[in-house]
Number of protein chains: 4
Amino acid sequence: MKPFILTLSCPDQPGIVAAVSTVLAAQNLNILESQQYSAPETGQYFMRIGFEGDTTQAAIEQHLADTAKKFDMRLHVGDATARPRVLILLSKFDHCLIDLIYRQQVGSLNMDIAAIASNHEVGRHWAEDAGLAYHTLGGRAAKQDNEAKLESLIESENIDLVILARYMQVLTPEFVTRHSGRIINIHHSFLPSFKGAEPYSQAHQRGVKIIGATAHFVTADLDEGPIITQGVEPVRHDMDVASFIDVGRDTERRTLARAVRLLTERRVFLNGNKTVVFE
Amino acid sequence: MKPFILTLSCPDQPGIVAAVSTVLAAQNLNILESQQYSAPETGQYFMRIGFEGDTTQAAIEQHLADTAKKFDMRLHVGDATARPRVLILLSKFDHCLIDLIYRQQVGSLNMDIAAIASNHEVGRHWAEDAGLAYHTLGGRAAKQDNEAKLESLIESENIDLVILARYMQVLTPEFVTRHSGRIINIHHSFLPSFKGAEPYSQAHQRGVKIIGATAHFVTADLDEGPIITQGVEPVRHDMDVASFIDVGRDTERRTLARAVRLLTERRVFLNGNKTVVFE
Amino acid sequence: MKPFILTLSCPDQPGIVAAVSTVLAAQNLNILESQQYSAPETGQYFMRIGFEGDTTQAAIEQHLADTAKKFDMRLHVGDATARPRVLILLSKFDHCLIDLIYRQQVGSLNMDIAAIASNHEVGRHWAEDAGLAYHTLGGRAAKQDNEAKLESLIESENIDLVILARYMQVLTPEFVTRHSGRIINIHHSFLPSFKGAEPYSQAHQRGVKIIGATAHFVTADLDEGPIITQGVEPVRHDMDVASFIDVGRDTERRTLARAVRLLTERRVFLNGNKTVVFE
Amino acid sequence: MKPFILTLSCPDQPGIVAAVSTVLAAQNLNILESQQYSAPETGQYFMRIGFEGDTTQAAIEQHLADTAKKFDMRLHVGDATARPRVLILLSKFDHCLIDLIYRQQVGSLNMDIAAIASNHEVGRHWAEDAGLAYHTLGGRAAKQDNEAKLESLIESENIDLVILARYMQVLTPEFVTRHSGRIINIHHSFLPSFKGAEPYSQAHQRGVKIIGATAHFVTADLDEGPIITQGVEPVRHDMDVASFIDVGRDTERRTLARAVRLLTERRVFLNGNKTVVFE
């Protein structure tokens, strides 16, 4: 008995669940958990099913092919234990990288960090220590070269997910569009408050009493991508910007890890400029 | 098009979802949302489906009768807009009562408070102000009479849910067992810490830094019933017991309201000594 | 032995604490708790002292007069059990009003609601039920008349604090400036996100995963006043704007009550465009 | 101008603040922040003052000597930038160790990890990688030898604080008493719930909806020491014990780090079987 995860989205209409679950039942596959949602704004239907059985991914997909076509489904069947292949990008701050590496190592996040790339050296030690490849990117002037390198990595390493773990360079709209739904970012503020480069300074100047972090899909529109999850932490009047940054480190790594877990477990769906998250 | 909620639990086996969803699809009913879970410890399968269609509750139940029998389902189909009929019990503290009344009035909780009963008069003013019946119960010596009154109310008022909103008397095992799954309590501690009568004093004496409240089903085993939801709030060294009680009032009413909402939306299932909660 | 609260702010320099505490000690007054903070950005020193003794407010102030003058202090001594006199303004939503009334009644907030004023009738019932005066304000066109009425109320009722408990009209800069530090507002978003009139709709449209509320001092610059405290609550993809509003009601009343408590306990100081809050 | 932290506790009586602050003012020392609290249960007064000036620790202590004697103060003056020397103990789980090492490295915790000791090898790699000594302890049978080693380390390394970062062996009452107020533990439950060895299993079996972690001083009475801080995280019905442990890892490291920060900043005072924490 092997565990699988099936995810799908399609235009809503009656009969979707019946069609899919009937195929599964005919193959003697047993549904362990499921969540479904019909989004009124977009008219899309979203489904995630965890099931088990004595079969293969290819066999299930074949059995579901007609149904998928009939309902115009965007459907994916995967081994529930499969480890998505991840590319992590970072710049000057390594706390998110270190946390992701550790969570992979202890089995808290079910993924393979296939490669790490950065325009700084701060993360190299941690990468090499964990036996992970660390690729060097150039500065802003080298954007074209950088993205060519990333494209090449994504292809050669079969990357499923690109994680901007405090990568402070802006990707081109072309790159972002090409990998839509496969690039996420951790922004160090409670979006939409404090977009841009120095959110902790902005938050400190405004005198907020809670700061946050936002994990979101990257789109061509900077800091406007669909939000996956957000985290917050209280701050006090006697904290300076450095203290905000320090508190924020925790919030960022926790929020990013939560987003990565949701994605590796295939719980996140794009729904227009928002997300559906089956927690 | 009317909205319905279907909930069921049954021994797990392949084909449950297919069987139910095929019946719904055959009636041209459209599933809007669903959650399902197979509990490994008890072998039970739990499902909640929100759907809409041009039909009646009776018609759906009839169409599902064979399926329900075949899979040994405990099945319920209800109008999604139906307002469960609620009986609220309280003793000396009225904050939970007032909050529940207000939430009903503004439409935040979709229920009908059919009756209120208490061994104190503190809540009468609020009840009468809202046009709700307020029944007087006796003290501990009158337990038999009290429960007879409650039984009579439950029957005459067609009560779906009994809420112990800081009702400080212990119900008999017979009463509790008879209404199993239909009586909930708000306990003023983060269970299993501080069972019994004076949890805030106990918490204060132990010097905890966070206090809580627990909404749970009532069983014959005091403070041991299946937990529905819990809430917490930080406390400080300079707070006395009265401050704990004051902070706790907020946590209690919020936690109880969350539990009541989950129940009125039919999101809570008993699973042995635990609950399955589809949030 | 009577309890007192002394609060002060002044330009920072060595000797402030010694000067004040020496005067208190000379009067045989016993300090029970104190918090102090020197703000680097503004160079201001802030102090709050709770003490007890067999004396009067006037006597203490007289003994401290020279010190206050020497250090250019803005100083206040008050009976710790004194109940600030409060004026509550609201428009269409009554949840904050009801909560404030209840908290006063059970002694959770140590204040006197001296008057309530509104351009709607929704709160009248609650006010009258609690024996509180409910004054009618006009619409936007009547702004001048409204503020004249409020001025008159503030004077005749000796109001210490004006609470905008979901009052949806903009006060004039003149009015706001005249009562600087004495007017607070509950804004129904996590500022600085979603300023303006319909924050829940904006938040829903943006697809945030956490919503919030902000209690702040009112200044001439709308939604830009110094923040006192903020509260947050998670939301999900399957919630519509009405659900956001419903969740928000809780966050608003809780956040506002926390701000009012901090103010009635004299724990909040204006520090430029920010606040110092001694919790 | 150098920053200092003064902490003291003594039997409460009028004049404490005046006495201390007058001495500081006479030395031209400027108070930057202060918190004070008189505990009604124990009659003890607690004070923490952050100040700056052109002086030395020894000079301040000398100037305060008479005052300390007169008021029977337990007084400590320290350089605010001083780094407490820490000994970390662990057994099979390394997440707290790794987190503490990282926080020291990035300057988030102002301490020197002077030594690490363990009855397992899991942390050696992390220790050596950070250039920290890793001492091997024996199993339970070697308790006497272990404590002798620890005593020797504490003396030779001038240890200020011993952190049980998931150290699963019970220390002898003699050892614990000798270092009272200098040993803290992170317990992997929300105490007093789920004392003992397997709290996550217990929590899972009880079906709680929130789990937690507790940082507390270690006393001879296991899991009963004064609580410093607590952290919580929600859990769901579909999580198994392994998921609780995984969620718990985060809560534990965050809660322990918060406790260590409070201690390194000298914000925690023992007050009978409780703590006073100036946050």
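Author: Helices here are DSSP runs of H or I with at least four residues, strands are DSSP runs of E with at least two, and both are numbered from the N terminus. The model discussed below is a predicted one. With these labels, A:Pro192 lies in the loop between strand E9 (183–187) and helix H7 (199–206) of chain A.

Reader: What kind of peptide bond joins A:Leu191 and A:Pro192?

Author: The bond between A:Leu191 and A:Pro192 is cis, with an omega of about 5 degrees. In chain C, the peptide bond from C:Leu191 to C:Pro192 is also cis, and its omega is near 10 degrees. C:Pro192 is found in the loop between strand E9 (183–187) and H7 of chain C.

Reader: What makes the phi of A:Phe194 worth a remark?

Author: A:Phe194 is not a glycine, yet its phi is positive, at about 60 degrees. A:Phe194 has its place in the loop between E9 and H7 of chain A.

Reader: Why is A:Phe194 called buried?

Author: The cut-off for a buried residue is a relative accessible area under 20%. A:Phe194 has a relative accessibility of 14% and therefore counts as buried.

Reader: What is the phi of B:Asp72, and is B:Asp72 buried or exposed?

Author: B:Asp72 is a residue other than glycine with a positive phi, near 55 degrees. B:Asp72 sits in the loop between helix H2 (57–70) and strand E4 (74–79) of chain B. A residue is called exposed when its relative accessible area is over 50%. At 56%, B:Asp72 therefore counts as exposed.

Reader: How do you know that B:Arg166 counts as buried?

Author: The value for B:Arg166 is 5% relative accessibility, so this residue counts as buried, the limit being under 20%. B:Arg166 is placed in the loop between strand E8 (161–164) and helix H6 (173–178) of chain B.

Reader: What does the side chain of B:Arg166 meet in a polar contact?

Author: The partner is the side chain of B:Glu252, at 2.7 Å. A polar contact requires a pair of N or O atoms within 3.5 Å. Apart from neighbours within four places in sequence, B:Arg166 is in contact with several residues, among them B:Leu89, B:Phe93, B:His95, B:His188 and B:Glu252.

Reader: Why is D:Val235 called buried?

Author: D:Val235 has a relative accessible area of 6%, so it is called buried, since the limit is under 20%. D:Val235 is found in the loop between strand E11 (227–234) and helix H8 (241–264) of chain D. Leaving out residues up to four places away in sequence, D:Val235 touches D:Val208, D:Lys209, D:Ile210, D:Ile211 and D:Phe244. From D:Val235 to D:Lys149 there are 86 residues in sequence and 40 Å in space, C-alpha to C-alpha.

Reader: Why are H3(C) and H8(C) called oblique to each other?

Author: Two packed helices are described by the angle between their axes and the distance between the axes. Helix H3 (residues 95–105) of chain C and helix H8 (residues 241–264) of chain C pack at an angle of about 45 degrees, their axes being 9 Å apart. Angles under 35 degrees count as roughly parallel and those from 65 to 115 as roughly perpendicular. H3(C) and H8(C) are therefore oblique to each other. The contact includes C:His95, C:Asp99 and C:Arg103 of H3(C) and C:Arg249, C:Glu252 and C:Val260 of H8(C). H3(C) passes H8(C) in a right-handed crossing.

Reader: Why are H7(C) and H8(C) called oblique to each other?

Author: The axes of helix H7 (residues 199–206) of chain C and H8(C) cross at roughly 120 degrees and come within 9 Å. Roughly perpendicular covers 65 to 115 degrees, and roughly antiparallel begins over 145. H7(C) and H8(C) are therefore oblique to each other. H7(C) passes H8(C) in a right-handed crossing. Among the residues that meet are C:Tyr200 and C:His204 in H7(C), and C:Phe244 and C:Glu252 in H8(C).

Reader: How do you know that chain B and chain D are related as by a two-fold rotation axis?

Author: Chain B is superposed on chain D by a rotation of 180 degrees with 0.0 Å of shift along its axis, at an RMSD of 0.0 Å. The two copies are thus related as by a two-fold rotation axis. Of the residues of chain B, B:Ser193 comes closest to this axis, its C-alpha being at 2.4 Å.

Reader: Why is it said that chain B and chain D meet through the same surface?

Author: 100% of the interface residues of chain B are also interface residues in chain D, so these copies meet through the same surface.

Conventions: Residues are numbered from 1 along each chain as its sequence is written. Chains are lettered from A and ligands numbered from 1 in the order in which they are written. This is a predicted model: local features need pLDDT of at least 70, side-chain atom pairs count only at pLDDT 80 or more; totals for chains, interfaces and linings use all residues. Side-chain values use heavy atoms; hydrogens and water are left out. Copies are superposed by least squares on the C-alpha atoms of residues with pLDDT of at least 70 in both. Contact means heavy atoms within 4.5 Å. Buried means under 20% relative accessible area, exposed over 50%, partly exposed in between (1.4 Å probe, protein chains only). A polar contact is a pair of N or O atoms within 3.5 Å; within protein, one must be able to donate a hydrogen and the other to accept it, and residues adjacent in sequence count only if both atoms are side-chain atoms. Axes are lines fitted to C-alpha atoms, for helices over the stretch in contact, and angles run from 0 to 180 degrees between N-to-C directions. A crossing is left-handed if the near helix is turned anticlockwise from the far one by less than a right angle, and right-handed if clockwise.
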